[in-house]
Amino acid sequence: MIIFRKPEALKDFLDKKRAKHQVGFVPTMGALHAGHLSLLNEAKKENAIVVCSIFVNPTQFNDPEDFKKYPVTIEKDIAMLHEVVCDVLFIPSINDIYPGGTTVLKHYDLGFLETILEGKYRPGHFQGVCQVMHRLLDIVLPNNLYLGQKDYQQCMVIRKLIELIGLDKKIKVNVCPTLREEDGLAMSSRNTRLSPDDRIKATTISAALLFIKKNIKPGRTAPIKNEAKEMLLKNGFLPDYIEIANADTLELIEDWNGKQKIVALTAAFINNVRLIDNRVINP
Ligand code: AMP
């Protein structure tokens with residue numbers, strides 16, 4: 001594995017390879033776990049060169065405390081990447097990604113997607129995601145990009161970004177399944193911040209979504225959403241939202257016709273840790 005810290009050096013390296021080799025890209029914020037590694041394994045199946053980036057992007061944290069507390073385990077991450085199929089690791093600094101600083105940044109017109117769910121509860125978050133992804137995609141210019149379904153809305157935002165910046169003919173977006181712990185908890189770097197007690201309770205998130213998946217019936221969605229919300233509240237969670245949406249557009253669904261493909265999504269705090277998860281329901 002070759003480690004690059006400077007964008008120009010990585011770009012030069014990849015520009016030389018591009019003519020003959022497909023490039024697959026897995027962007028991450030580090031504190032790697034098996035979910036991240038599954039994306040790299042998927043990338044290796046389809047690309048001669050697999051690039052992973054580790055960059056904790058300050059502009060996507062609407063809460064500065066969350067940014068400060070974000071786990072950083074770079075030595076361990078590098079050791080993990082040596083064990084899998086990663087050809088190139090990119091670890092830029094904040095200056096390398098934002099040479100003009102982080103105060104005046106480009107704005108992306110994400111429309112409706114920015115007004116609901118994560119967009120509503122984390123103002124500015126998706127602008128930050130677009131700012132970093134635009135820069136990373138310009139540097140890596142991959143043939144294939146690998147994203148996790150765990151960040152369902154983020155996948156849609158990044159697809160939209162790729163259209164907005166005119167790279168949709170060049171970059172294929174591959175959405176990979178969510179890897180879970182044995183008790184159902186979606187793997188996440190933030191799980192390391194859970195106390196042992198909260199880690200046990202955290203399984204309620206996936207249980208609440210599975211409850212919706214197994215029990216939803218055509219008609220009003222409010223009653224089942226309320227039941228799932230009660231499950232979260234009883235187990236010490238403070239939900240930002242628990243919603244049911246059209247799986248293709250994320251339009252919220254108040255009345256389900258029983259035929260539409262939908263997705264149940266939630267974000268909830270347990271103490272100060274905010275977790276998200278989703279389940280697709282394909283009747
Ligand atoms: P992050 O480091 O949290 O920004 O995540 C980097 C990439 O890994 C994103 O595309 C995530 O959606 C993906 N990812 C995070 N957790 C999981 C998981 N449990 N299973 C699969 N992919 C994941």
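Let's begin with Lys 20, which sits in the loop between H1 and strand E2 (23-28). This is a predicted model, in which local features need pLDDT of at least 70, side-chain atom pairs count only at pLDDT 80 or more, and totals for chains, interfaces and linings use all residues. Residues are numbered from 1 along each chain as its sequence is written, and side-chain values use heavy atoms, with hydrogens and water left out. Helices (H or I, at least four residues) and strands (E, at least two) are DSSP runs, numbered from the N terminus.

- Lys 20 counts as exposed, because its relative accessibility is 75%; the scale calls a residue buried under 20% relative accessible area, exposed over 50% and partly exposed in between (1.4 Å probe, protein chains only).
- Between the C-alpha atoms of Lys 20 and Ala 48 there are 9.1 Å, while 28 residues separate the two along the chain.
- Lys 120 belongs to helix H6 and is exposed, with a relative accessible area of 53%.
- Leaving aside neighbours within four places in sequence, Lys 120 is in contact with Glu 114 and Thr 115, where contact means heavy atoms within 4.5 Å.
- The C-alpha atoms of Lys 120 and Asp 240 are separated by 9.6 Å, and these residues are 120 apart along the chain.

**Where helices H1 and H7 meet**

- The axes of helix H1 (residues 7-18) and helix H7 (residues 125-140) come within 8 Å of each other and cross at roughly 45°.
- Axes here are lines fitted to C-alpha atoms, for helices over the stretch in contact, and angles run from 0 to 180 degrees between N-to-C directions; under 35 degrees counts as roughly parallel, over 145 as roughly antiparallel, 65 to 115 as roughly perpendicular and the rest as oblique.
- On the H1 side, Pro 7, Leu 10, Lys 11, Leu 14 and Arg 18 take part, and they meet Arg 135, Asp 138, Ile 139 and Val 140 in H7.
- The residues of this contact of H1 with H7 divide into 5 nonpolar, no polar and 4 charged (nonpolar: Ala, Val, Leu, Ile, Met, Phe, Trp, Tyr, Cys and Pro; charged: Asp, Glu, Lys and Arg; polar: the others, Gly among them).

**Around the ligand**

- How many residues surround the ligand? There are 16, and the closest are Met 29, His 36, Asp 151, Leu 179 and Met 187; a residue is near a molecule if one of its heavy atoms lies within 4 Å of it.
- A backbone N or O atom of Met 29 lies 2.9 Å from an oxygen atom of the ligand, and for a backbone N or O atom of Gly 148 the distance to a ligand oxygen atom is 2.9 Å.
- In the side chain of Asp 151, an N or O atom is 2.6 Å from an oxygen atom of the ligand.
- Leu 179 is found in the loop between strand E6 (172-176) and helix H9 (196-201) and counts as partly exposed, at 31% relative accessibility.
- Not counting residues up to four places away in sequence, Leu 179 touches Ala 34, Gly 35, Ser 38, Ala 186 and Met 187.
- The C-alpha atoms of Leu 179 and Pro 99 are separated by 35 Å, with the two residues 80 apart along the chain.

**Two leucines with positive phi**

- Most residues other than glycine have a negative phi.
- Leu 117 has a positive phi of about 50° although it is not a glycine; this residue is placed in helix H6 (residues 117-121) and is buried, with a relative accessible area of 3%.
- Leu 250 has a positive phi of about 70°, again without being a glycine.
- Leu 250 lies in the loop between strand E8 (237-246) and strand E9 (255-256), and is buried at a relative accessible area of 0%.

- Ser 53, in strand E3 (residues 49-54), is buried, with a relative accessible area of 0%.
- Residues up to four places away in sequence aside, Ser 53 touches Phe 25, Val 26, Pro 27, Thr 28, Phe 90 and Leu 136.
- Asp 66 has its place in helix H3 (residues 64-69) and counts as buried at 14% relative accessibility.
- The side chains of Asp 66 and Arg 193 are joined by a polar contact of 3.4 Å, meaning a pair of N or O atoms within 3.5 Å; within protein, one must be able to donate a hydrogen and the other to accept it, and residues adjacent in sequence count only if both atoms are side-chain atoms.
- Neighbours within four places in sequence aside, Asp 66 is in contact with Phe 61, Arg 122, Arg 190 and Arg 193.
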